[in-house]
Amino acid sequence: MRIYLIGYMGCGKSTLGKRLAEHLGLRFIDMDDYIEERNCKSVPQIFAEEGENGFREKERKVLRELSEFIDLVIATGGGAPCFFDNMDLMNQSGKTIYLNIPPEILTERLLNSKTERPLIKGKSREELLAFINEKLEIRNKFYSRAKYQITNPEAELVSIEKMLQEDSGKALQTI
């Protein structure tokens with residue numbers, strides 16, 4: 001089994017991913033951490049030295065590598081589904097879950113985060129909310145291609161497991 005968690009930064013992919021992997025007895029990999037380990041540089045360093053395009057190429061390479069691994073939950077970077085054929089690759093090689101969290105919640109989480117995020121550095125609350133809404137408008141066409149969707153930030157692991165097991169053939173399943 002291979003599960004990809006997708007969604008905007010701050011939606012809880014890493015937090016849920018660790019919990020879900022433990023619950024299902026799978027390994028957990030945070031794609032950004034994996035990229036940092038592979039490149040011996042932080043994501044902000046890669047952005048600064050190689051720009052977003054350089055980072056996206058590295059992200060694509062790592063995603064292809066991870067798509068060959070088995071029995072894991074992968075927390076992707078927020079932009080990963082939106083570049084190249086990444087969303088197709090994830091849908092073909094595993095189960096994709098979109099963590100569809102409201103922009104207001106994302107704004108609060110990102111403002112309170114200790115993680116340095118190059119794309120939002122220095123933005124005020126109002127600027128950040130506007131930025132998130134603008135980006136979600138663009139990214140939702142990719143995110144919405146996920147097989148599953150979680151709209152409840154407090155979704156229970158048992159409910160997620162049940163959703164993944166049922167696979168009723170519907171275009172999109174939501175909890």
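The following exercises, with worked solutions, concern a predicted model of a protein chain.

**Exercise 1.** Determine how many helices and strands the protein chain has, and in which order the elements run.

*Solution.* Step one is the count: the protein chain contains seven helices and six strands. Step two is the order, which from the N terminus on reads β-α-β-α-α-β-α-β-α-α-β-α-β.

**Exercise 2.** Describe the burial, the contacts and the surface of the protein chain.

*Solution.* Buried residues account for 43% of the 175 residues. Among contacts with a separation of 6 or more, 71% join residues 24 or more positions apart. The accessible surface is about 9,100 Å², and carbon and sulfur atoms contribute 48% of this surface.

**Exercise 3.** Locate the mean positions of the positive and negative charges relative to each other.

*Solution.* The protein chain carries 26 positive and 28 negative charges, and their mean positions lie 2 Å apart.

**Exercise 4.** Classify E59 as buried or exposed, and identify its surroundings.

*Solution.* E59 belongs to helix α3, residues 43-66. Its relative accessible area is 1%; the cut-off for buried is under 20%, so E59 is buried. Beyond its neighbours within four places in sequence, E59 contacts M31, I35, G77, G79 and A80.

Technical notes: Residues numbered from 1 in each chain as written. Predicted model: local features only at pLDDT ≥ 70, side-chain atom pairs only at ≥ 80, totals over all residues. Heavy atoms only, no water. Helix = DSSP H or I, 4+ residues; strand = E, 2+ residues; numbered from the N terminus. Buried < 20%, exposed > 50% of the residue type's maximum accessible area, 1.4 Å probe, protein only. Contact = heavy atoms within 4.5 Å. Areas by Shrake-Rupley, 256 points an atom, 1.4 Å probe, with all protein chains shown as cover. Lys, Arg positive; Asp, Glu negative; His and termini not counted. Charge placed at Lys NZ, Arg CZ, Asp CG, Glu CD.
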